[in-house]
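Here is a friendly walk through one structure, from a core residue to its aromatic rings and on to its ligand. Please keep the 3D view open as you read.

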Amino acid sequence: MQSKGLPQNIILKEIQSRLKKDLTFKSGKIISSMCTSPHPLAKKVYTQFLEKNLGDPGLFPATVEMERETIRMLGSLLSNPKASGHIVTGGTEANILALWTAKKAAEKEHGEVIVPISAHFSLDKAADFLGLNLVKVKLNSQFQADIEAVKESVNSRTIALVGVAGTTSLGVVDPIRELSEIAVEKNLYLHVDAAFGGFVLPFLRELGFNVPDFDFTLPGVCSITVDPHKMGLAPIPAGGILFRDNDLRKLIARRVSYMAGGETEQATLVGTRSGASVIAVWALLRHLGMDGYKKIVKRCMDLTWKLAMEIPKIKGFSLVTKPTLNIIGLKSDSFSIRQVAYELRLRGWAVSLFPKHIRIVVMPHIRERHIEMFLEDLREISDKLGG
Ligand SMILES: Cc1ncc(COP(=O)(O)O)c(C=O)c1O
C-alpha cells in the first residue's frame, strides 16, 4: 500500500476508467447470465443501509423484523407463509445450508444425497464440506431427474433427495411431485433448488402457464432455495433459503453469546451479514408485488418464445428442448458448438458454453432489439460456417 493516500476524485476517475473493460447488462450483450442489473429502487435502498449487519441482530432489530417479513412474503409465494429461513449470499450458500440441515436431521455421518446430474455444482461443494456422498442419477428424455433411477438409488445410507426447479443448463423443472412421494414414503429430506425458477414459476402459473407443483404444497418438500439476485432483480448478494418450519432451521442454528447487541443465534454460513440486501429484497417485493413480477416474467417469456421460434429457422441450428422458463439451449448438428460460441464472442456476445449446447438466458435487461441483433449474428455465423 502506498504511504500517502490519493484524493477521492483521482480514485473515482481511475475506477471509471479501469472498469470500462467490464461488460455491461445495458449493452444487451450479456445473454447468458442468471443475474441482471438490479431494479433502481433496490439500488437506492441498498446503498442507503450498508451498515446494517444481521450477524449482530440485537443491534438491528428492525432489520431482523424486515428479514422475517421478507421470508414470509417469499414463503407465501412458495405456498407456505409459515416458512422460516434467511436471505443469504446466494444459491450456493442456500444449497449448503439445506444439505447441512438434511445431515443434522438424519443424524448420520457420510450419508448419501441423490441429485440429478443436472444439479448445480454448489451441491458438490456442499457434499464435500459436509462429508456427504452425492449420488448422481441420469435424466429422462425431457432432461429431468429420472424417477426410476432415483428409486433405484435409494438405500439405507440415503439421507436426502434434491430436485431442481429450473436447471442451470436448460431451465427444466424436475418431477418434484414424484420426488416428494418418494421422500414421504422413505422418510427422506427433500430439498428443491429453485434458485432460478423460484422467481419465475409462481408468476408463470399466475399468467396461466401449466406449471407443475414444485413448492411447499408438496408434503415432502423440506426446504427451497430461491434467489432474489437472479430473477428477483435484487442486488448481489441476495440468495434465499426457506425451510418448511422453524424446527428445521433450528437444526443448524448456533447460539452466540458475545455480540454487542446481546446473545443471539445464527443459522447461516457467514457471520457478518448484509442487512442492506434484506432491505432491498423487502422493498422490491413490496414495490413490484405479484403484478410487477408477472409483467417482468411475461416480457422475458415473450422474448424467449421469439428466440425459440426463430432459431430453428436458421440453417444448422435447433433447440435442445422447448423452453420451460426464460432459458434456451441452442444446439447445432452441423457446426461445432464451441466454434459457434467463439464466433458469438467475436461479435461481443457473452454466452455460456455447455458440453453440447449454448445456454441463453433472457433476463429483464434483454430487449427485443438485442434478440434481433443476436439472431442477425447467428444467421451470419451460419452462413460463414456453412461455407
Ligand atoms: C439451479 C442453481 N442453483 C444454485 C445456483 C448457485 O447460485 P449462486 O451463484 O447465487 O451461488 C445456481 C447458479 O446459477 C443455479 O442455477
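Leu330 is buried, as its relative accessible area is 0%; buried means under 20% relative accessible area, exposed over 50%, and partly exposed in between (1.4 Å probe, protein chains only). This is a predicted model, where local features need pLDDT of at least 70 and side-chain atom pairs count only at pLDDT 80 or more, while totals for chains, interfaces and linings use all residues. Residues are numbered from 1 along each chain as its sequence is written, and side-chain values use heavy atoms, with hydrogens and water left out.

Leu330 belongs to strand S11 (residues 327-332); helices (H or I, at least four residues) and strands (E, at least two) are DSSP runs, numbered from the N terminus. Leaving aside residues up to four places away in sequence, Leu330 touches several residues, among them Ile311, Val320, Ile358 and Phe374, where contact means heavy atoms within 4.5 Å. Val320 is 10 residues from Leu330 in sequence, and their C-alpha atoms are 6.1 Å apart.

Now to the rings. Rings of Phe, Tyr and Trp (its six-membered ring) pair if their centres lie within 6.5 Å; planes under 30 degrees apart count as stacked, over 60 as edge-to-face and the rest as tilted. By this rule there are 4 aromatic pairs. One of them is Phe199 with Tyr293, a tilted pair with centres 5.4 Å apart and 55° between the planes. This pair links distant parts of the chain, with Phe199 in the loop between strand S5 (189-193) and helix H8 (201-206) and Tyr293 in helix H10 (residues 275-310), 94 residues apart. Both Phe199 and Tyr293 are buried. Trp349 and Phe374 form an edge-to-face pair, because their ring centres are 5.2 Å apart and their planes stand at 90°. Both Trp349 and Phe374 are buried.

Finally, the ligand. Of the 14 residues around it, Thr92, Thr168, Asp193, His229 and Lys230 come nearest, a residue being near if one of its heavy atoms lies within 4 Å.

| Side chain | Ligand atom | Distance |
|---|---|---|
| Thr92 | oxygen | 2.6 Å |
| Asp193 | nitrogen | 2.6 Å |
| His229 | oxygen | 2.8 Å |

Taken alone, the ligand exposes 390 Å², and the protein buries 84% of that; accessible areas come from the Shrake-Rupley method with a 1.4 Å probe. Helix H4 (residues 91-106) gives the largest share of the shell around the ligand, 3 residues.

Conventions:
A polar contact is a pair of N or O atoms within 3.5 Å; within protein, one must be able to donate a hydrogen and the other to accept it, and residues adjacent in sequence count only if both atoms are side-chain atoms.
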